[in-house]
Amino acid sequence: MILAPTDGQTVALLKLGVRFMIDGEQTGGRFSLVEHPLPPRALGSPGHTHRNEDEYSYVLEGRVGVLLGDEVVVAGP
């Protein structure tokens with residue numbers, strides 16, 4: 001499947017953008033793919049824990065900081 005830049009449903013949750021690219025329903029709940037465009041210095045989401053799923057993030061441009069335990073990790077492209 002090839003997605004164009006405008007494919008998928010897009011919603012805004014405060015400053016966090018969400019583009020649903022591959023829905024879990026399409027994969028039997030095994031995988032989903034979302035894009036989160038963020039403006040500079042915006043909070044992506046409040047602190048939370050994933051108990052039943054893995055989350056992978058790819059930074060395409062800019063930098064993003066993540067709190068892992070007591071350590072802040074900064075990632076870029």
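**Reading the surface and the fold**

Mentor: Y58 is exposed, with a relative accessible area of 71%; exposed means over 50%, buried under 20% and partly exposed in between, with a 1.4 Å probe and protein chains only. This is a predicted model, in which local features need pLDDT of at least 70, side-chain atom pairs count only at pLDDT 80 or more, and totals for chains, interfaces and linings use all residues. Residues are numbered from 1 along each chain as its sequence is written, and side-chain values use heavy atoms, with hydrogens and water left out.

Trainee: Where is Y58 found?

Mentor: Helices (H or I, at least four residues) and strands (E, at least two) are DSSP runs, numbered from the N terminus. Y58 lies in the loop between β3 (33-35) and β4 (64-68).

Trainee: How many helices and strands does the protein chain have?

Mentor: The protein chain has zero helices and five strands, in the order β-β-β-β-β from the N terminus. Its C-alpha trace spans about 35 × 30 × 25 Å along the principal axes.

Trainee: What share of the residues is buried?

Mentor: Of the 77 residues in the protein chain, 12% are buried.
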